[in-house]
Amino acid sequence: VLAEKRSLGSTDGPPHLVVLVPLHSRVTAHGILHLLQSQDSAVVRVDEGKAGGFALLCPQLKQRWRFVTAEAGDLHAVLDLAKVADSLLFILDPADGWDSAGEHCLSCLFAQGLPSYALAVPGGTDLPPKKRIDVRKKLSKAIEKRFPEARLFPLNTEQESSLLLRHLATQKQRHLSFRDRRPHLLAYAAEFVPGDDSDLVGTLKVSGFVRGQTLNVNSLVHIVGHGDFQMSQVDAPPDPLSLNPRVVKGQKRNQDMEVQDDSVNGSDEMEEDIKVLMKADPNKQESLQSEVVPDPMEGEQTWPTEEELQEAEASLKANRRVVKVPKGTSKYQAAWIVDDGEEGSEKGDDEDDDMDDDMMEEAVSQEGESSEEEEEPAEEECETMTVAESLRDDQYDEKVEEDEQMLERYRQERMDEMFPDEVDTPRDVPARVRFQKYRGLKSFRTSPWDPKENLPRDYARIFQFQDFSRTRKHLFRQIEKEETEGASVGWYVTLHICNVPVSVMESFKEGKPLVLFSLLPHEQKMSVLNFLVRRHPSNNEPVKAKEELIFHCGFRRFRASPLFSQHTSADKHKLERFLRLDAALVVTVYAPITFPPASVLLFKQRSNGMHDLIATGSLLSVDPDRIVIKRLVLSGHPFKIFTKTAVVRYMFFSREDVMWFKPVELRTKWGRRGHIREPLGTHGHMKCHFDGQLKSQDTVLLNLYKRVFPKWTYDPHVPEPVPWVRSESALLPPLEVEME
């Protein structure tokens, strides 16, 4: 622990990276940066081309810092910088603490994983001393929910800024496991070299300090928000933030160090001092292949050999039987002729069934007319009313379509809660055709289901581990033993990244952070990822399955349309049509492999471009064999009830459908179990037998199941969100969600 604390910000380690996050519209980072720059015994290096960022070197304390500012409204910049920051410095308003944009920013940071942090409160000097103490106590009490036992640092003088720096240097560092196991860096400088073929794609030279783990040139690198790329070589230029920058290393004459003027031969020395640390080996370099290219002819049946044809003929001769047939009958027709013994037994069964049908049809016909007469008054009870439209402004009615869509979603979610998985049997299509892909199960928990059965074509494009947990443990064991060779932590290096679009350099010139993560083996390959998430209390809009959502998983962000399923310990998991408010659910998508632990944030994009935080959680597993089952429930009404037998109607509307679903077990809402004995008539009435007598108000249910798979909607390009609209309200208590 001491070695880790001493290496951070020292000569041997990377500079202490501090990200300033203003949480209120009334506070700015400019005054705090000016205070921090005015440190005694400190050399200030201002970064070129980056607004508000600078480096602070303290040779006497043997510490070096790098300060970067991120606006709370720019969600992607805050989350990207928090992925690599050593410390976050939250700037609060002395009266209100933070506003709505700051609240949203804190929710996202806590869900992603919060590194070490400090709370600074500038201003407040214009208040009287007594009132200043009251405001400070009120603010401390208000932030207890978010930051228990946190210390507020006033920041108005140089002495207070020195105390804050000392606190940042000596506080315990929080670890984020997804970044501690991967090499990563924040770009200090970047240069784009266009390629020979096109100016839109070229080599990007990114310079920065290696953090986390040793960086290997043969591994792939992920530029956050832009994709995966290969490296061609790694250089070691001079350290621009060295604590003794004027001393030229490597030149010793008469045991004395020579001091040269940087302004005379600065550029020549830079070119001479750049050393090539390593170049990529094509034999050892990781491939960019993310999908398997399926062979359409794989699995096709080949032409049988002569031996197989002879075996087939021999088996046919062995299975032949002698049957008396009329003259002129073909071999195909003769195969369908049944023996006399079989025909007689079938006739006996049919006669018994016809007698039962006649008895039950009489009971049905007696009640048929009365039931029709009872149904007609029900329609007369409904009446229509004409409501006058209120005169409103034209602007008020612009979003009527969105309101109607939202209302329909609320209705669907409400119906799914009241009648889970229940559907109406179609009248225009036979039920045996509409539900032909579904099957019945004796028990959802114990009945077998083969995970390799009827897989979609997209499963031919993904990768699967023979044992994912064993592979993960083996990789992490290698990382702990530090068996990799490359650039060590704390080195200032330049990465040559191949085939990078020019848009990456353009975003860096606009002032957006450029964050790089080195990938572990297999992390560029596509598979099926399962996330365990829970709804965030700040959002209660209905979220339907297969809606497009934005994922922030570890160091990646992408768009996909997920499936929701229950989180259980069984081998089959029931599909959920909506993201529940009161339970943890599993979200399943096609995405690149990521080794857990890794946090995940789910956002939904509004029509105006803003991103709403929907759910938060963590990566559960990478498992294509996880079975997600969609359940359909067909309901029927008991029409005639005998002791343990009942006539059920409205579940099916044809005799053939009743015969098709006859093997499936029935259940009722009041806990009875039974099965279909036989159909009655031709309109879907059926005689059913149960393990007890039914109640007239009970409902008969039939469960059907089908395995479902996610859609291949993975898109690594996520649009930049519109900045969050700030409200000037004071710090509010935690949001309480009330459900009607």
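Predicted model: local features only at pLDDT ≥ 70, side-chain atom pairs only at ≥ 80, totals over all residues.

Q: How many helices and strands are in the protein chain?
A: The protein chain has 16 helices and 33 strands.

Q: What share of the residues counts as buried?
A: 42% of the 740 residues.

Q: And the accessible surface of the protein chain, how much of that belongs to carbon and sulfur atoms?
A: The surface comes to about 42500 Å². Carbon and sulfur atoms account for 49% of that.

Q: What about contacts along the sequence: how many join residues at least 24 apart?
A: Take the contacts between residues at least 6 apart in sequence. Of those, 78% join residues at least 24 apart.

Q: Switching to charges. How many salt bridges does a search of the whole structure find?
A: The search gives 26.

Q: Give me one. What does R26 pair with?
A: R26 meets D93 through their side chains, at 3.0 Å from N to O. The two are 67 residues apart, so to speak from distant parts of the chain. R26 is in the loop between β1 (16-22) and α2 (30-37). D93 is in the loop between β5 (87-91) and α4 (100-112).

Q: Is D93 buried or exposed?
A: Buried, because its relative accessibility is 6%, and the limit for buried is under 20%. R26 is partly exposed, at 46%.

Q: What about E576, which residue does it bridge to?
A: R580. The closest N and O atoms of E576 and R580 are 3.1 Å apart. E576 is buried, with a relative accessible area of 6%. R580 is also buried, at 16%.

Q: Now the surface. Which residues form the negative patch?
A: E306, E307, E308 and E311 form a negative surface patch.

Q: Where does E306 lie?
A: In helix α9, which covers residues 306-318. E306 is exposed, with a relative accessible area of 64%.

Q: Packing next. Where is Y492 found?
A: Y492 is in strand β18, residues 492-501. Y492 counts as buried, at 11% relative accessibility.

Q: What does Y492 touch?
A: Leaving out residues up to four places away in sequence, its contacts include Y188, F209, D235 and P240.

Q: How far is Y492 from D235?
A: 8.8 Å in space, C-alpha to C-alpha. In sequence, Y492 and D235 are 257 residues apart.

Q: Last one, P183. Which loop does it lie in?
A: P183 is in the loop between α7 (177-180) and β8 (184-186). P183 is buried, with a relative accessible area of 9%.

Q: What does P183 touch?
A: Not counting residues up to four places away in sequence, P183 touches R211, Q213, T214, L215, L516, F517 and S518.

Q: And how far is P183 from V210?
A: Their C-alpha atoms are separated by 6.6 Å. Along the chain, P183 and V210 are 27 residues apart.

Note on methods
Residues numbered from 1 in each chain as written. Heavy atoms only, no water. Patch = residues over 30% accessible without salt bridge, like charges linked within 9 Å, V, L, I, M, F, W, Y side chains within 5 Å. Areas by Shrake-Rupley, 256 points an atom, 1.4 Å probe, with all protein chains shown as cover. Salt bridge = Lys/Arg side-chain N within 4 Å of Asp/Glu carboxyl O. Lys, Arg positive; Asp, Glu negative; His and termini not counted. Charge placed at Lys NZ, Arg CZ, Asp CG, Glu CD. Helix = DSSP H or I, 4+ residues; strand = E, 2+ residues; numbered from the N terminus. Buried < 20%, exposed > 50% of the residue type's maximum accessible area, 1.4 Å probe, protein only. Contact = heavy atoms within 4.5 Å.
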